[in-house]
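Thanks for making time this morning.

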Amino acid sequence: MRRWFRQLIRNSFFQVGAGLFIIMVLGGFIVMYLESGPITEKETPFWWAIVTMTTVGYGDFAPSTPEGRFFAVFIMFAGIALV
């Protein structure tokens with residue numbers, strides 16, 4: 001089991017996938033904290049985070065505060081770097 005886990009951790013595909021997942025989850029929670037309105041409802045902040053990381057957004061949801069927009073730039077660069 002330890003050997004399998006060590007191999008998994010060293011796998012670059014797993015590392016990128018885990019990084020994307022962690023940024024999506026943290027990004028969703030931070031957007032929920034920074035923003036208000038429809039972008040913070042249900043699973044929308046996590047959807048926004050993953051879409052922003054991979055395609056720089058559809059435009060269906062967008063942050064409206066300066067803090068949220070600054071954070072969106074961070075999410076964009078993090079997603080581009082990982083993908």
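How many residues does helix α2 have, and how far does α2 reach from its first C-alpha to its last? Before I answer, please keep in mind that this is a predicted model, in which local features need pLDDT of at least 70, side-chain atom pairs count only at pLDDT 80 or more, and totals for chains, interfaces and linings use all residues. Residues are numbered from 1 along each chain as its sequence is written, and side-chain values use heavy atoms, with hydrogens and water left out.

Now to the helix: α2, residues 12–34, has 23 residues and reaches 32 Å, which is close to the 33 Å expected at 1.5 Å a residue. That expected span is 1.5 Å times one less than the number of residues, and helices here are DSSP runs of H or I with at least four residues, while strands are runs of E with at least two, numbered from the N terminus.

At the N-terminal end, α2 is capped by Asn11, with a side-chain oxygen 2.8 Å from the backbone nitrogen of Phe13.

Several residues of α2 are buried, among them Gly19, Leu20, Ile23 and Met24, where buried means under 20% relative accessible area, exposed over 50%, and partly exposed in between, using a 1.4 Å probe and protein chains only. What covers these buried residues includes α3 (44–55) and α4 (66–82).

How do α2 and α4 pack? Their angle is about 175 degrees and their axes lie 11 Å apart, the axes being lines fitted to C-alpha atoms over the stretch in contact, with angles from 0 to 180 degrees between N-to-C directions. The two helices are therefore roughly antiparallel, a word used for angles over 145 degrees, whereas under 35 is roughly parallel, 65 to 115 roughly perpendicular and the rest oblique. The contact, meaning heavy atoms within 4.5 Å, involves residues including Val16 and Leu34 of α2 and Phe71 and Ile75 of α4.

Leaving aside neighbours within four places in sequence, Thr52 is in contact with Gly57, Ala72, Ile75 and Met76.

By contrast, Phe70 in α4 is exposed, with a relative accessible area of 67%.

Finally, Lys42, in the loop between α2 and α3, has a positive phi of about 50 degrees although it is not a glycine. Most residues other than glycine have a negative phi. Lys42 is also exposed, at 74% relative accessible area.

Definitions and conventions: Polar contact = N/O pair within 3.5 Å; in protein donor to acceptor, adjacent residues only side chain to side chain.
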